[in-house]
Number of protein chains: 2
Amino acid sequence: MKSDIWIEERHRAGVAARFRIKQVLFQGTSPFQEVTIVDTVPLGKMLLNDGLVMVSEKDEFVYHEMIAHVPVFVHPSPRRVLVIGGGDGGTVREVLRHRGVRACRLVEIDRMVVDACRKHLPAVSGALKDRRATVTIADGVKFVATTRERFDVVIVDSTDPIGPAAPLFGRKFYANVRRVLTPGGIVVSQAESPFYEAEAQRSLLSILGSVFKRAHLYNFSNLTYPGGLWSFAFASDRFCPVEDFRPEAVRGAGLKFQYYNAPLHMAAFQLPQFMRDRYKKLLSCCG
Amino acid sequence: MKSDIWIEERHRAGVAARFRIKQVLFQGTSPFQEVTIVDTVPLGKMLLNDGLVMVSEKDEFVYHEMIAHVPVFVHPSPRRVLVIGGGDGGTVREVLRHRGVRACRLVEIDRMVVDACRKHLPAVSGALKDRRATVTIADGVKFVATTRERFDVVIVDSTDPIGPAAPLFGRKFYANVRRVLTPGGIVVSQAESPFYEAEAQRSLLSILGSVFKRAHLYNFSNLTYPGGLWSFAFASDRFCPVEDFRPEAVRGAGLKFQYYNAPLHMAAFQLPQFMRDRYKKLLSCCG
């Protein structure tokens, strides 16, 4: 009889997801978290940090296309992009598909994530070898507080607001993100589950709205994140992600996407009523 | 020590969801399926047919609002509505919130589902007591083949295309659905997961496109259906769900929704690129 091995993600009290696995490819404990890469039967290889699913080969295109192309297509001339977190490299890969982007710096706190993904998830991490990419192993909070570099787009590709990523959901961090942005620059951040994490979303939107002139949420759905819907936050002093979005820029780029497209870009900002009601005064953009 | 009881849904090969439960409220085997109602810790009471999650109290509003209000708001004068399947009553509840609807007939094959939901899920099934509602325990396939009644909107609120619901995904069934529709009437159907059920979606779209002049898919996301995204199919000889949708009808109705709203109605028809590519020739509406 064949062995029947499963990995289980207990993502909320009383809710769990299980995936059958072929083998465990990597297990390590860094100073920040436990890092695991497994090869699953249904979804290809999968990265988990502290037991929570970060990336699966089968659906990572959803998350990475939606976190990268929304801000990069809204900004009229995104030359320099900063990615904080996202050590798997998938966000950098999507950013660098834009030929106008001259430099993309990844600042990841946990070297183990980058090394394990370089080795076991090359389809995700491969763009880290691009000559326009620079990998900096450092604390993103300290980086934005001290760097003299400036960026047109900052993407906060963080884990959940527990453990190493908790400060990435704070006000001081976002004041410094604004500091490292060129005038009118855009920040997009991983913004948790609207069903399960109302308080984290409210706090993030409130902080973004106090630091930037415009703040909004947009949604996507992938296979592996619990609760069906998941959100990103968009903030800028200048650009509205809907009104300042030019669909012709998407056509002009000539890129092939699996999830993203111009109508979906605009549709993603149309929130379910429970989100509109809940965040009414905090959504300071897109009507 | 407290007992730690979980229910597990094995919804695809190698993928499972688990929910911690307080107690099992109902378990029965009908001629059609196993019917289970449990009280879960995270999501309230939950109905499962043959071990697959149908409804949870915490998120059923998403499914029921999106299956009901999209066709009922697109149709200019929906007086008579037929719901096939949906024995929990949630779809009937949403349909009957429209004051213009004079009659809503539910045709459910499995009396056990209706009885168990009447007893254990009154917040979902309560509208079945409405004087405009009629519950018919019958095979929906036979009903549409033989009835002399006509309906402005037909909603196919089916389980998956295995077991008792399999014929509800067939061509003959939809030819008869068209037969019982008033001219230009609308049918909306539960259309499975775009990530996991490409073939079921393709088959359904192909059938709808051959029977009706216009066919399209729209998406929603709830907490409990596997794979994040889930689809409904919309078909009609006359109405386009986007171009013929009048947002002012939503405002005029004065209803309070938790998920549905007018911009989201239109956004739901903007499909991810992998769905547009996959069903290019089968999406015969909305550009």
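**A close look at chain B**

Modeller: Strand β6 of chain B and strand β7 (residues 103-108) of chain B run parallel to each other and pair over 5 bridges, where two strands are said to pair if DSSP finds at least two bridges between them, and where helices (H or I, at least four residues) and strands (E, at least two) are DSSP runs numbered from the N terminus. This is a predicted model, in which local features need pLDDT of at least 70 and side-chain atom pairs count only at pLDDT 80 or more, while totals for chains, interfaces and linings use all residues. Residues are numbered from 1 along each chain as its sequence is written, and chains are lettered from A and ligands numbered from 1 in the order in which they are written.

Within this pair of strands, B:Val81 stands opposite B:Cys104 of β7(B). Strand β6 (residues 80-85) of chain B is largely enclosed by the rest of the structure, because 5 of its 6 residues are buried; a residue is buried if 20 or more other C-beta atoms, placed from the backbone, lie within 10 Å of its own, exposed if 12 or fewer do, and partly exposed in between.

B:Arg10, which belongs to strand β1 (residues 6-12) of chain B, is partly exposed, since 14 other C-beta atoms lie within 10 Å. From B:Arg10 to B:Leu128 there are 118 residues in sequence and 31 Å in space, taken from C-alpha to C-alpha. B:Asp50 sits in the loop between β4 (44-49) and β5 (52-56) of chain B, and with 16 other C-beta atoms within 10 Å it is partly exposed; its phi is near 50°, a positive value in a residue other than glycine. B:Glu192, in the loop between β10 (181-190) and α7 (198-211) of chain B, has a phi near 70°, again a positive value in a residue other than glycine, but B:Glu192 counts as buried, because it has 25 C-beta neighbours inside 10 Å.

B:Ala262 lies in helix α9 of chain B and counts as partly exposed, with 19 C-beta neighbours inside 10 Å. Leaving aside neighbours within four places in sequence, B:Ala262 is in contact with B:Pro247 and B:Val250, contact meaning that the C-beta atoms of two residues, placed from the backbone, lie within 7 Å. B:Ala262 and B:Val70 are 192 residues apart along the chain, yet their C-alpha atoms are separated by 9.3 Å.

Helix α9 also leads us to the partner chain. Chain B and chain A each give 33 residues to the contact between them, and the elements that supply at least two residues each to the side of chain B that touches chain A are β2 (15-29), α9 (262-267) and α10 (273-278) of chain B. Of these, β2(B) gives the most, with 6 residues. By class, this side of chain B has 19 nonpolar, 10 polar and 4 charged residues, where Ala, Val, Leu, Ile, Met, Phe, Trp, Tyr, Cys and Pro count as nonpolar, Asp, Glu, Lys and Arg as charged, and the others, Gly among them, as polar. Across the boundary, β2(A) and β2(B) pair in the antiparallel sense over 5 bridges, and A:Val15 has B:Phe19 in β2(B) as its bridge partner.

The same surface serves both copies, as 100% of the contact residues of chain B recur in chain A.
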